[in-house]
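Biologist: Could you take me through one part of this model closely? I would like to hear about chain B, starting with how it divides into domains.

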Amino acid sequence: MSRQAILLGLLLAAFALAPLVAGPYLLSVLVVVMYFAYVGQAWNIMMGFAGQLSLGHTLYVGLGAYTAAALFVHLGVPAVFGLFASVAVAALAGGVVGSLGFRFGVKGVYFALLTIAFAEFTRILFEHIPGLGGPGGLFLPVGDRSGIDLVHLRGHPLMFYYLILAMTAGIFLLCRRLVRSRLGYTWLAVREDQEAAAALGINVFRAKLAAVMLSAGLTALGGVFFAFYYNNLFPNQAFGMNRSIEIILAPIVGGLGTLFGPILGALILTPLGEGITMATEAMGFKAAGIKQLCYGLALLAIVKFLPDGVWPWARARLGLEPGDGDGEDDR
Amino acid sequence: MSAAPLLLVEGLVKNFRGLRAVDGVSFSVGAGEVVALIGPNGAGKTTVFNMIAGVFQPDGGRVELEGASLVGLRPDQVCRAGVGRTFQLVKPFGNISVEENVLIGALRWTHDVGQARRRAREVLDLLGLADKRRQMARGLTLPDRKCLEVARALATGPKLLLLDEVMAGLRPAETDRMVETFRTLNRETGLTIVLIEHVMRAVMALSQRVVVINTGKPVCEGTPDEVVRDPRVLDCYLGQETP
C-alpha cells in the first residue's frame, strides 16, 4: 500500500468518525468542506487534467440542482431517479458549451469567458421560469428530518454528512483511476500541448469534449446534493458568478491537476473563512467587507508563497513524492 | 519498389497570402527508404512536412500514403494512418514525466496503459533516455528534448517517420549516435524516414536519397554524393568551394 493510500485512509477515517465528537455546527462546516472538495474535484477534471478553464461551473451545479428539485417538487420523482436526469441535462449543457467553443477554436481565456456567458444567461433564463419559482426561489418540502430516506434524500443532517463523504471519496477514487487511464493521459497531453497531442494521434476535440461532459455531469451530482441539503434554490445563487469562483478556489489553492489538491484546498479555505468570521466578530470589527478583505489577503499569501498549490509543497514535506520504479505516477 | 510508393508527394502547392511558399514539389519515398529534404532556410521544407502531416491543407497537389490520399485529414488522423512526426521547435509535454510523454505516443495503438508503458521504456532505452524516464520533461536539456521528441513519435508505431531538424543543436558525437539509432531502426524494422536536416554530416551518413528544394521549388534529386556535387545545389545552398 502506498503512503498516499495511507493518507487517504486516515482522512477518510477522520471524517467518518468526526460525528462522534463534533457538534452540529462543526458538522455543517465539514459538509461544506466536503461539498467544495467534491465540486472542486469535478472541476479539476476539466482544468487540472484537460487544461480547459471553466469559470462558469455553477451552470452545471444549478442545472443539476434545479432538474432533480423540479422533478421532485412537481412530479414527485425521487432524488435517486432525478439525479440521472440532472447528470444528463448538465452533461448535455457541457456538450453544447464544449462543442461550440472547441469547434470554433475558442481557446484559453476566451473559452473561459464563454463558460461565464453560458452560466449568466442560464441564470437569467431561470429567473423567468415561473414553474421554477423565478427569482423568488424554488423550495423543497422539508419533511421528516429524523429518519433516513436515501431514495428521496430526505432525513437527518447526519445522513447528508455521510452522503457527501461517500460522494467525495467516490469522486477521488474515480479521478485516481482516470488519471491512470488512457483517457487521462490523453487529457494530460491536450493540457500540455494540443498540437503535439494531435501529432500523436489524439483527437483533441473529442478529448476536450469528454472532459467537459464528464466534469459537468459529476458537478451536477454536487448540485443535486446542494438542492436537497439546503432545500431552497435561487437562480442568483445556484448560477451565480461568485459561486463559480468559490468552486475553483479549493483546487487552485490545493494544487491544480492533483488528486489531493481539491480536498486539501477545501480543508484550508472553508475553515479559514469561518475562522476569519469568528475572529473579526470576536475582535469587534464591524466594518463591511472586513471578512472578505482578510480572506482575500490570506488567498493572496497562499498563491504568492505556494504558486503550485499547497499539496505539491506538502507532498514533498511529507515524503509522499511518487516513488521510483512502481510504475505509477501519483499526482 | 512495389506499385505504390509508401509516400507520394506530387505537385504540392501552398500559398500564404500571395506568397507561394511551396510551388510544385514532388517526390516519392519507397517503403524502407531514408530520404532527406534539404535546402536553404525558408525553402519551404517544414511547410511540406506540415502538409504531409495534416497541419496545413495544400492549395494544390497530392499527398498519398500507400496509395490513399492524406489530403483533408487532420493531424491526428494522419498519425493514425501511420505517419509519426517531430517538431522543429520541440513540443515536450513539460509537466509530466519523460516516460509518460512517450507512453502517450504508444497509446496510439494500444488501449492498455501497462503495455504502452512497456513500449515507452523500450523506446527510451533505444534512444538512451532510460535513466531520465522519471524526470519532468521540462527539465531536460535541448539534446534530450530532441531525443524525447523522436521517442514520442517512434512510440506511435509509424510506418513513416518525419524528422524535422532533430540533429540541429546536437554535438557531433550526439549526432553520430542518433544517426546510428536511425540506421539500426531502418535496418531492423524497415522504418521509412523522411528527414529535414541542415547537418550535412547526418544527411550524408543516413539518407539514401536527397531531395533539394529552394524558394518552394524543386531543385534536384539524387544520391547524397550526386547532390553535393550538383552545381545547382552548390549555387543555392551549400556554396562553392573556394578555388
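Modeller: Gladly! Chain B is assigned two domains: domain 1 takes in 1-82 + 158-243, and domain 2 covers 94-156; such bounds come from an automatic or database domain assignment. Before going further, please keep in mind that this is a predicted model, in which local features need pLDDT of at least 70 and side-chain atom pairs count only at pLDDT 80 or more, while totals for chains, interfaces and linings use all residues. Residues are numbered from 1 along each chain as its sequence is written, and chains are lettered from A and ligands numbered from 1 in the order in which they are written.

The C-alpha centres of domain 1 and domain 2 of chain B are 24 Å apart. Ten residues of domain 1 of chain B and eleven residues of domain 2 of chain B make up the contact, where two residues are in contact if their C-beta atoms, placed from the backbone, lie within 7 Å. On the domain 1 side of chain B, the elements giving two or more residues are α2 (75-81), β7 (160-164) and α6 (172-189) of chain B. Helices here are DSSP runs of H or I with at least four residues, strands are runs of E with at least two, and both are numbered from the N terminus. That side of domain 1 of chain B, which touches domain 2 of chain B, has six nonpolar, two polar and two charged residues. For these classes, Ala, Val, Leu, Ile, Met, Phe, Trp, Tyr, Cys and Pro count as nonpolar, Asp, Glu, Lys and Arg as charged, and the others, Gly among them, as polar.

Next comes a hairpin in chain B. Strands β9 (residues 209-214) and β10 (residues 217-222) of chain B run antiparallel and are joined by five bridges; strands pair if DSSP finds at least two bridges between them. Two residues separate β9(B) from β10(B), and Thr215(B) in the turn has a positive phi of about 40°. Across the pair, Val211(B) faces Glu221(B) in β10(B).

Beyond its neighbours within four places in sequence, Ser26(B) contacts Val9(B), Glu10(B), Gly11(B) and Pro218(B). Val63(B) is 37 residues from Ser26(B) along the chain, and their C-alpha atoms are 9.3 Å apart.
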